[in-house]
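Below are some notes for a colleague who is opening this model for the first time. Please read them with the structure at hand and check each point against it.

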Amino acid sequence: MNLPFFLSKRIYGGGNEERKVSRPAVKIATIGVATGIAVMLISVSVVLGFKGSIRDKVVGFGGNIQVANYQTLQSAEYYPAAINDSVLSVLESIEGVSRAQRYCMAQGLLKTDDEFLGVTLKGVGQEWDSTFIHNNLKEGYIPAFSASESSGKIVISRLIASKLRLEAGQRVFAYFFDGEGVRMRRFTIAGIYETNLTQYDEVTCFTDLRTAVRLNGWKGDDVLGAELSVNDFSRLDATANAVRERVDRTRDGAGRILRAQTIRELNPQLFAWLDLLDMNVWVILALMTLVAGVTMVSGLLIIILERTAMIGTLKALGARNSVIRKTFLWFGVFITGRGLLIGDAMAIVILLVQRVFGIIKLDAETYYVSRVPVDFNIPLFIIINVATLLVCTLVLLLPSFIVSNIKPAKAMRFE
């Protein structure tokens, strides 16, 4: 029989009369651990949810990896790259890549009778994954955009629609400028989306790939580039390296040099800001673990003081100091374990309520999301629980050595 475990279990499960002093200490220690783990889990979930939401929005507008003309990725100008179906097949065959789609950009103006606004027209073809825009669609519908035909349809953001006072179903004139003069097109607004990512919402419109290509005066297989989606964002760099091995410094059908860049490289400031959030999480984890540890130490000291007579009796019966120390360490593990279970339950309930009902709102113009996002990462939750249990157990080692200084004769007379 494991004597320390048996004794700690009896002490922990003792009745009220046996634990008049220690019961409040146990409750305080349990609440401290529960509060700490709940705050840690909620903090991690919110930060992961926020980072995931912003990342998914940026990726929704530009893919995980972009393959384009070397000059395009090095400047603000648009230069064509010849990308046909066979090139897309090659890109999709690269390990880690799940989808490849062509795109083209054209700069222009949308004009109504009273207002005008500069926009970027993004042309997409039939291979375009519209899931992201569909999930953020507020009015109308998303047309079946094509690389071979011009439908005359356009999808704009709610921000653009608000500035120009437009609605789904209305028509709007667009003007594009190049070296040959002004090109005018009339579009029908098929749908209106809203992602709350202002830097994209205020300028980005979607239309047929063929329309954008023709507005740039390009022909044949020329487009601006290809957007690649990856199977696992955590392996973005590894997948990007595989793409670069196949793409970088190769030439398209017209002899133009191609290059690949990740969405992180194309938006360094935004992702640097998201990475800073990790530091906040580490600070919260450290502080909450410290609070839980200090609470446990205080509680155990009170319990040892209350059990001094028992310690003296055990020593008189021949129990070694190590056995008594282990007894109180096991007692601390019981308290920590119960606190972790209570804290886990609290955190999960709060996170589920927020995910389903979105009770806590945010200013979308400031935070890019309209409500606090949460993300359930079960493996990470388990790691945090195990780490907290280990840290709390380790910090209890020091107060447990107090039993070594307790003399049996004096302890047995202790009141």
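1. Arg249 lies in the loop that runs between helix H9 (236–247) and strand E12 (258–262). Although Arg249 is not a glycine, it has a positive phi of about 70 degrees, and the residue is exposed, with a relative accessible area of 77%. Please keep in mind here, and in every point that follows, that this is a predicted model.

2. Tyr368 is placed in the loop between helix H14 (364–367) and H15.

3. Helix H15 covers residues 378–395, and at 1.5 Å a residue its 18 residues should span 26 Å, which agrees with the 26 Å that separate its end C-alpha atoms. Which residues of H15 are buried? They are Phe381, Ile384, Asn385, Thr388 and Cys392. Seen down the axis of H15, these buried residues fall within an arc of 100 degrees, so they line one face of the helix. On the other side of H15, the exposed residues are Pro379, Ile382, Ile383, Leu390 and Leu394.

4. Turning to the aromatic residues, the structure holds 12 aromatic pairs. In the pair formed by Phe376 and Phe381, the ring centres are 6.4 Å apart and the planes stand at 65 degrees, so the pair is edge-to-face. Phe381 is buried, with a relative accessible area of 6%, whereas Phe376 is partly exposed, with a relative accessible area of 23%. Elsewhere, ring pairs join Phe61, Trp128, Phe132, Phe145, Tyr193, Tyr200 and Phe206 into a cluster.

5. Two contacts between a charge and a ring can be examined next. The charged end of Arg55 sits over the ring of Phe233, at 4.5 Å from the ring centre, and the charged end of Lys122 sits over the ring of Tyr103, at 5.6 Å from the ring centre.

6. For the chain as a whole, the secondary structure comes to 17 helices and 12 strands, and 46% of the 415 residues count as buried. Among contacts between residues at least 6 apart in sequence, 76% join residues that are at least 24 apart. The protein chain exposes about 21200 Å², of which carbon and sulfur atoms supply 57%.

How values were computed: Residues are numbered from 1 along each chain as its sequence is written. This is a predicted model: local features need pLDDT of at least 70, side-chain atom pairs count only at pLDDT 80 or more; totals for chains, interfaces and linings use all residues. Side-chain values use heavy atoms; hydrogens and water are left out. Helices (H or I, at least four residues) and strands (E, at least two) are DSSP runs, numbered from the N terminus. Buried means under 20% relative accessible area, exposed over 50%, partly exposed in between (1.4 Å probe, protein chains only). Contact means heavy atoms within 4.5 Å. Accessible areas come from the Shrake-Rupley method with a 1.4 Å probe; for residues, only the protein chains shown count as cover. The expected span of a helix is 1.5 Å times one less than its number of residues. The arc is that of the directions from the helix axis to the C-beta atoms. Rings of Phe, Tyr and Trp (its six-membered ring) pair if their centres lie within 6.5 Å; planes under 30 degrees apart count as stacked, over 60 as edge-to-face and the rest as tilted. A charge sits over a ring if NZ of Lys or CZ of Arg is within 6 Å of the ring centre and within 35 degrees of the ring normal.
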